[in-house]
Amino acid sequence: MQVKSTSFVTSVSDSHFYESDFNEIAFVGRSNVGKSSLINLIANRRGLAKTSSTPGKTKLINYFLVNNKFLLVDLPGYGYAQVSKSQKTNWADFLEEYLKTSKKLKCVYLLLDVRRTPSEQDEMMMNFLYANRIPFKIVVTKIDTLSKLQVSNRLFIICQKMHVNQNDIIITSSEDKSGAKELLSSIESYILA
Ligand SMILES: Nc1nc2c(ncn2[C@@H]2O[C@H](COP(=O)(O)OP(=O)(O)OP(=O)(O)O)[C@@H](O)[C@H]2O)c(=O)[nH]1
Ligand SMILES: [Mg+2]
């Protein structure tokens with residue numbers, strides 16, 4: 001698939017989710033894992049989704065239209081320490097409600113930073129996706145930050161922890177663009193399915 005056009009559609013901050021006929025592909029993961037950067041990588045446009053080195057940048061659900069055909073959905077990150085407990089609960093509810101109720105959601109990409117061991121929240125998210133029968137795929141991000149050997153060691157640990165096969169995950173870097181093609185063809189397979 002070639003990305004020919006991308007545009008920002010809308011942001012939502014409460015459970016009045018955006019509804020349309022377009023299929024949706026969503027990105028979840030802890031704050032700062034690189035969700036917005038990955039959307040920009042797919043779109044081949046640096047500033048489309050706002051990125052930041054300060055965790056918790058994306059507090060809204062942002063929808064981006066690709067090729068006038070499907071939507072990329074940038075979800076708020078979880079695991080951000082600097083928010084109150086009630087705020088955290090609100091965000092988790094917000095996220096889960098979107099994931100449970102969106103009728104056009106075709107696949108969720110669960111992002112994991114190659115340098116970090118998956119957290120309890122990552123595992124909870126995966127279990128939530130399984131429990132709700134939502135198709136998902138694991139994407140490892142930021143592989144440019146480690147050597148090849150370190151990456152392969154980290155992948156082993158991540159796959160073990162998440163009970164997945166290395167062939168089933170997508171390995172990416174928004175910095176050097178690795179994995180962009182694999183991610184795009186994976187998205188295409190879910191959009192067409
Ligand atoms: N080296 C490197 N840095 C990355 C990569 N992807 C993202 N980053 C950096 O990581 C930080 C967070 O990236 P974002 O894309 O904003 O992360 P996010 O998951 O959208 O974060 P929230 O919106 O807070 O949930 C930024 O400083 C990015 O430049 C990558 O592949 N390699
Ligand atoms: Mg973001």
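In what order do the elements of the chain run from the N terminus on?

## Overall architecture

The elements run β-β-α-β-β-α-β-α-β-α-β-α from the N terminus on. In total, the chain has five helices and seven strands; these are DSSP runs numbered from the N terminus, helices being H or I with at least four residues and strands E with at least two. The model is predicted: local features need pLDDT of at least 70, side-chain atom pairs count only at pLDDT 80 or more, and totals for chains, interfaces and linings use all residues. Residues are numbered from 1 along each chain as its sequence is written, chains are lettered from A and ligands numbered from 1 in the order in which they are written, and side-chain values use heavy atoms, with hydrogens and water left out.

The C-alpha trace spans about 45 × 40 × 30 Å along its principal axes. Of the 193 residues, 47% count as buried, a class defined by under 20% relative accessible area, with exposed meaning over 50% and partly exposed in between (1.4 Å probe, protein chains only). Among contacts with a separation of 6 or more, 74% come from residues 24 or more positions apart, where contact means heavy atoms within 4.5 Å.

## Packing of helices H1 and H5

Two packed helices are described by the angle between their axes and the distance between the axes. Helix H1 (residues 35-43) packs with helix H5 (residues 180-192) at an angle of about 85°, and their axes are 10 Å apart. H1 is therefore roughly perpendicular to H5, the term for angles of 65 to 115 degrees; under 35 degrees counts as roughly parallel, over 145 as roughly antiparallel and the rest as oblique. The axes are lines fitted to C-alpha atoms, for helices over the stretch in contact, and angles run from 0 to 180 degrees between N-to-C directions.

On the H1 side, the contact is made by Leu-38, Leu-41 and Ile-42, and on the H5 side by Ala-180, Leu-183, Leu-184 and Ile-187.

## Tyr-109 and the aromatic pairs

The structure holds seven aromatic pairs. Rings of Phe, Tyr and Trp (its six-membered ring) pair if their centres lie within 6.5 Å; planes under 30 degrees apart count as stacked, over 60 as edge-to-face and the rest as tilted. Tyr-109 and Tyr-190 form an edge-to-face pair, 6.4 Å centre to centre with 85° between the planes. This pair links distant parts of the chain, since Tyr-109 is in strand S5 (residues 105-113) and Tyr-190 in helix H5, 81 residues apart. Phe-17, Phe-94 and Tyr-98 form one aromatic cluster.

Tyr-109 counts as buried because its relative accessibility is 0%, whereas Tyr-190 is partly exposed at 22%. Leaving aside neighbours within four places in sequence, the contacts of Tyr-109 include Ile-25, Phe-27, Val-139, Leu-183 and Ile-187. The C-alpha atoms of Tyr-109 and Val-139 are separated by 6.3 Å, although the residues are 30 apart along the chain.

## Loop residues with positive phi

Asn-32, a residue other than glycine, has a positive phi near 80°. Asn-32 lies in the loop between strand S2 (23-28) and H1 and is partly exposed at 34% relative accessibility.

Arg-133 likewise has a positive phi, near 50°. The loop that holds Arg-133 is between helix H3 (120-131) and strand S6 (136-141), and Arg-133 counts as exposed at 75% relative accessibility.
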